[in-house]
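Please keep the sequence and the structure in view while reading.

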Amino acid sequence: MDFAEAQKEALGCTKCGLSNSRTKVVFGDGPLNAELFIVGEAPGFNEDADGHPFRGASGMLLERLIGSLGLGREDVYLTSLVKCKPPDSRSPKPGEISSCRPYLMSQLAAVDPKVVVAMGDLASRVLTGRKEAVARIRGRAIPLDGRYVFPTLALSRALYVPAERAFVISDFSRIPELLASERPSTYETLNLDLGASEREPLQPGLW
Ligand code: SF4
């Protein structure tokens, strides 16, 4: 399914039960030539009302993180594992993620980014294919399918837990070197630890 077909189909999609809890399908935003692609877990209240990803306080924090890279929101492709808001702020279930996966795959294929940031535990597990909690593998660039998958913590927690915000800020500080590097040539899943775990987190007070 190409990108245009995926977008058209998703906007009227009823493939999983989340179609009953959404107001608007939140497909994704951004240029199709973006080198940086950021994936969250699912739309929340603000995204569902607005139809665009990463709104509200989480969106403001993300914009500051993107700004710290010298980029604007409009330079980055933004989306989530599922395109419809789950009820009661719960996480999407495996079957819902699986139903929605073809849309994410179409977006990744069309944009073909160099760096995919997986925000939060679920996005990290789905996009890396690894079982470890994101807290264990955050800040590492994992070469996969000719791009780097880069797990970090969820914005929703980073907003309210200063220590987690510090780790997210620290992780984002590694992204420029990934964007400046060559794409990984291997299609194997390797774990390239860039040493983030040894770095001191930046001061959350700056944010
Ligand atoms: S979450 Fe995805 S698969 Fe489920 S209804 Fe929405 S667009 Fe369709």
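In what follows, Ala, Val, Leu, Ile, Met, Phe, Trp, Tyr, Cys and Pro count as nonpolar, Asp, Glu, Lys and Arg count as charged, and the others, Gly among them, count as polar. The model described here is a predicted one.

**The cavity**

A search of the whole structure finds one cavity of 30 Å³ or more, and the volume of the largest cavity is about 100 Å³. Its lining is made up of 15 residues, and those closest to the centre are Cys13, Cys16, Cys84, Cys100 and Tyr103. By class, the lining of the largest cavity has nine nonpolar, three polar and three charged residues. Helix 4, which covers residues 94–111, gives the largest share of this lining, namely three residues.

The largest pocket holds about 790 Å³ of space. Of the 36 residues that line the largest pocket, Glu41, Ala42, Gly44, Ser58 and Ser156 lie nearest its centre. Two or more residues of this lining come from each of helix 2 (45–50), helix 3 (56–67), strand 2 (77–80), helix 6 (134–137) and helix 7 (155–158).

For the second largest pocket, the volume is about 180 Å³. Among the residues that line the second largest pocket are Arg101, Met105, Leu108, Asp145 and Arg147. Helix 4, helix 5 (121–128) and strand 5 (147–152) each supply at least two residues of the lining of the second largest pocket, and helix 4, with three residues, provides the largest share.

**Two residues with positive phi**

Most residues other than glycine have a negative phi. Asp88, although not a glycine, has a positive phi of about 55°, and Asp88 is found in the loop between strand 2 and helix 4. Asp112 is also not a glycine and has a positive phi of about 45°, and its place is in the loop between helix 4 and strand 3 (115–119).

Are these residues buried or exposed? Asp88 has a relative accessible area of 75% and is therefore exposed, since exposed means over 50%. Asp112, with a relative accessible area of 37%, is partly exposed, because this class lies between under 20% for buried and over 50% for exposed.

Technical notes:
Residues are numbered from 1 along each chain as its sequence is written. This is a predicted model: local features need pLDDT of at least 70, side-chain atom pairs count only at pLDDT 80 or more; totals for chains, interfaces and linings use all residues. Side-chain values use heavy atoms; hydrogens and water are left out. On a 1 Å grid over the protein atoms alone, a cavity is a set of points where a 1.4 Å probe fits but cannot get out, and a pocket is an open set with protein on both sides within 12 Å along at least five of seven lines; lining residues have an atom within 4 Å of a point. Grid points are joined across faces, edges and corners, and a volume is the space filled by probe spheres set on the points. Helices (H or I, at least four residues) and strands (E, at least two) are DSSP runs, numbered from the N terminus. Buried means under 20% relative accessible area, exposed over 50%, partly exposed in between (1.4 Å probe, protein chains only).
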